Each structure stands twice: as structure tokens, then as C-alpha cells.
Amino acid sequence: MRIAIIGSGPAGFYAAEALLKRTDTPVDVDVFDRLPTPYGLVRGGVAPDHQKIKSVARVFATTAARPSFRFLGNVQLGRDVTVEELRRHYHQIVFATGNESDRRLGIPGEGISRCTPATVFVGWYNGHPDYRNAKIDLSIPRVAVVGNGNVALDVARILLRTRAELEKTDIAAHALEALVHSRVQEVFVLGRRGPAQAAFTPGELKELGELEVADPIVDPADLDEEAVVGEEANKGNLDLLRAYAARSPRPGAKRLHLRFLVSPTEVVAESSGGVAGLALERNRLEARPDGSVVARGTGRVEVLDVGMVLPAVGFAAERIPGVPFDEKARIIANVDGRVVDPATRAVVPNEYVVGWARSGPQGLIGEHKRASALVVAHMVADGAGLDARPLPPREAIDALLRERGVKLVSFRDWKQLDDVEVARGARRGAPRDKIVDVEAMLAILSPEG
Ligand SMILES: Cc1cc2nc3c(=O)[nH]c(=O)nc-3n(C[C@H](O)[C@H](O)[C@H](O)COP(=O)(O)OP(=O)(O)OC[C@H]3O[C@@H](n4cnc5c(N)ncnc54)[C@H](O)[C@@H]3O)c2cc1C
Ligand SMILES: NC(=O)c1ccc[n+]([C@@H]2O[C@H](COP(=O)([O-])OP(=O)(O)OC[C@H]3O[C@@H](n4cnc5c(N)ncnc54)[C@H](OP(=O)(O)O)[C@@H]3O)[C@@H](O)[C@H]2O)c1
């Protein structure tokens, strides 16, 4: 059996692991990624000051060391190869392409300069090649981060960390340089619902109270009876928020305001085109009969004086040519990991989807292990007899790609890049100093061009 997995993030790697551990039939697994580097958001999303989480890459490297595994980096499905071609070369295909675009606020002014979606800002500080040249202007003193998830907290924390806190991490060198010279003094993290509805987790909230030169600030009025509906579910967060509300900030410290019950209604532009402020409508909470709690606008509006807005309100899958797309959920159309036609819901044979491309942008890295294994169980159940179909030789796909001028990057090549990054990082006492440019990566692998 020969299987292609498209995407080398956690979901793709956990699917590869489950497939390679099969004992019923030998399986060859080719994992493709559009980048020359593996691991998806473990490299390009997880915050640089959370190095421990990134150690999961070692587990993935063990999978990559299995003899029937291959990594084909620098190959983009929909650009370098089509789904139709993959069907000819593989018995089954697994899409593990994640959620690479942002959800939008859908308010006036969202596209102006210094209103920067989380994907761009996170990709920029993590050295994702797509965002290495993003224009991030940190010459303004106040920033609004919209959203109450862990990504919002990542972004706020990174904006307020010091050089000493950042330089020992694998933050991209260009971002380190810019953040060291940043003039940002105050960050406002804005939740549209109340503190009991915040999606961030206590461990991440606790970290905000331990920053070297910044203090969390919570208005006690945001924790009164009217604002706190559904306390039981979120006691960990509420205890921390109450402790922050009772704390006096250190004189001269930078400030990280956690505000609730406000929805942005417009990004206000200055005459030169950048952000001059963020209009916010005050909300009240409404408990529904089904137990859910929704925010309702009160009509009371204020303008927050900020020069930058970073929406961190979730992600969506990118549409890939030839791959059925669910427009409403903004994921690859599927039922339980089996790809389906979005209109008829008919199963597309031998095609599967795992990870955020399957379920949307929720959940932690470790959760993909079980979820990908469940989809692999469907693949096993559906796949009986498929291996009787003769395929072209395994390397025929490489030849096809090379003919097109694609410079393939193998796992061995990646290890070479890994060594270079680790050696560069050692100079600043960091775990690595990332190479952020695909051309530079390819030049290292093939100096003669
Ligand atoms: C900013 C951020 C921080 C996070 N921090 C944490 C954390 O600290 N701890 C935690 O447990 N979870 C964290 N998460 C969640 C975690 O990263 C996700 O659950 C997980 O990465 C999703 O895995 P995935 O494999 O579905 O997608 P991804 O990790 O996004 O991998 C998708 C892969 O597909 C590739 N790809 C996309 N399109 C194509 C194409 N057309 N052709 C070829 N390849 C393609 C991409 O290059 C990428 O490598 C974070 C998420 C974000 C956004
Ligand atoms: N350290 C970590 O472990 C870590 C770090 C980063 C990410 N992650 C994980 O990765 C996943 C994605 O994180 P995430 O932060 O992107 O998503 P998330 O947890 O779903 O949070 C999204 C936030 O955006 C808000 N939001 C959505 N639309 C909005 C709008 N129009 N206006 C205002 N606010 C809006 C949501 O509010 P409502 O609740 O009101 O909809 C929610 O607070 C999560 O599972 C997260 O835990 C983990």
C-alpha cells in the first residue's frame, strides 16, 4: 500500500505514525509539505517562548526515521502537483493541510495598515517564509489584540517580552531586532464575552503575571456579577483574573490590559492611512435556554486609543484546487475524516482529511494523535484490496516534480538545515536561529544552484 499525506504538521505526522505501525500490510508513506521544513505550526505557530511544547518534534523525527517513510518538502499541492496526479501514484491520500488563513472581524477599516491578522504577526515572529517581509511597525505605544483565545495571549506576551526573555528562544532574528526596539508600552486584549467565557487557559493566563517588565491589569468592574455568567466552568481563569484585579502594577511597568464585554465595530484610520484607534461597542451577556452565553451590543461605543490592531479570532482552511471545500465551516468537506462532495455528501473514495483541515481551528497538538489514528482506522477498513492496483514506481513522482523544476527537500536535507539553524542559534544562546527564506534554504542544500 502506498499513501500520500499532504502536510507535515502534527496531524499529518500522527497519521503517518499510525499508518507505519500497521501490521496487516506493509505501507509506504510519502509526506509532502509546501515548505522545505516539516512540523507545521509546531515550527510556525507555537510561541517561541514555549520551547518545551516544540520538543514533540523529536517524536515526529522518530516516525520520519522509519525506513518506509519519505518527506518531500517544498512541494505544494495545487501548485506543483495536482490531486489527479496523486491519485495515479498513491492508493490513498490524506489531506493534513491545516488552517492557513484568518477569520475576519468583518468590520470597516479591517484592511488598513497596522491592522494585522494573527497569522501574519505570528508567522513573522516565528520566521515563516510567507511572512518574513511583513510590515510590522512597532513605533506606536498602544496595541489592541482582539480575541480571548490562547493565540491572543501569545501575541500579547510576545509584544511585551524583553530582549533577555526573547533572545534565548527560537524567535526569528528579524523579529527579535524589531521587538527590542519596539515602543509598545500597553497592550489591550479584548474579549467580546465575559471573563467566564474566555477561551484561553489558566496556564497561559498565569504566565501573564510573570512577565519581566509588564503587568496584567484587570478592571474589577469586569468581574462583577453582571459580567460573570457561568463561573463554574472557568474557575481557574476567574481566580487568576481576580488576583490580577487586586494587584497594583509596578511603577513604570508596561501594561497588559485584559478587557471583556467589548466588540470592535470599526478600525479608525488616521489621515495617512494607518490605525488611529479602534471603535468598541460595550456588550451585555445573555444566557440562552440551551446554556450558551451570547454577547449582545448595548449601543454604547468608545474609541480605544491604539495605533495597531491584531485580530486573533480564529483561522480557516485555504481552498486547494481539486479538494472539496465546505464553504460554511471553511474546512475540507468531510464526514468523520472521509472526504465528501460538499453538495451531495457522497464519499470521494480513497481520500481522507485529518487535523485542523478536518475539524477547524480548535485543539492542542497532542489531541491530533488520537484523532488522526481514528481516521487511519477508516482508511484500513476501506482499503482492503486496494493494494492490488499497480502503481508507477515510487520515485516516479519525484521525477515528475523534478521535470517541473521543483527542488525536492528530503528529510535528510531538512536535518542539514536543522543543523545549520541550531549552530546559528548557539551564537545567541538560543535553541536555533531560523532560516526564514526558502531560496536561502535551497542554496544551503545545493550551493552550486
Ligand atoms: C499561533 C498558534 C499557537 C499554537 N500554540 C500551541 C501550543 O502552544 N500548544 C498546543 O498544543 N497547540 C498549539 N496550537 C495548536 C496546534 O498548533 C494545532 O492544533 C496543530 O498544529 C494543527 O495541526 P495540523 O497538522 O492540522 O496543521 P498545521 O500544523 O498547520 O500543519 C499543516 C501543514 O500543511 C502544510 N500545507 C498547507 N497547505 C499545503 C499544500 N497545499 N501543499 C502542501 N503542504 C501544505 C503546511 O505548510 C503545514 O506544514 C497553536 C496554534 C496556533 C495557530
Ligand atoms: N499555549 C497553548 O496551548 C496554545 C497557544 C495558542 C493556541 N492554542 C490552541 O489553538 C487553538 C486556536 O486558538 P485561537 O486563540 O485562535 O482560537 P480560540 O481559542 O477559538 O479563540 C478565539 C477567540 O476569538 C474570539 N472571537 C471570534 N470571533 C470574534 C469576533 N468577531 N469578535 C471578537 N472576538 C471574536 C472568540 O470569542 P467567542 O468565544 O466569543 O467566540 C475567542 O475568544 C485553540 O484550541 C488554542 O487553545 C494553544
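A polar contact here is a pair of N or O atoms within 3.5 Å; within protein, one must be able to donate a hydrogen and the other to accept it, and residues adjacent in sequence count only if both atoms are side-chain atoms. With that in hand, the ligand. I365 puts a backbone N or O atom 2.9 Å from an oxygen atom of ligand 1. For G363, a polar backbone atom is 2.9 Å from an oxygen of ligand 1. The protein covers 93% of the 1,000 Å² of accessible area that ligand 1 has on its own (Shrake-Rupley method, 1.4 Å probe).

Some ground rules. This is a predicted model: local features need pLDDT of at least 70, side-chain atom pairs count only at pLDDT 80 or more, and totals for chains, interfaces and linings use all residues. Side-chain values use heavy atoms, with hydrogens and water left out; residues are numbered from 1 along each chain as its sequence is written, and chains are lettered from A and ligands numbered from 1 in the order written.

Now the sheet. Five strands form an open, parallel sheet, ordered β8-β9-β7-β6-β13. Strands are DSSP runs of E, at least two residues, numbered from the N terminus; two pair if DSSP finds at least two bridges between them. β8 (214-218) and β13 (308-311) are the edges, each with a single partner strand, so one side of each has no neighbour in the sheet. Inside, β6 (142-146) and β7 (186-190) pair in the parallel sense over 5 bridges. A144 stands opposite F188 in β7.

Technical notes: Helices (H or I, at least four residues) and strands (E, at least two) are DSSP runs, numbered from the N terminus.
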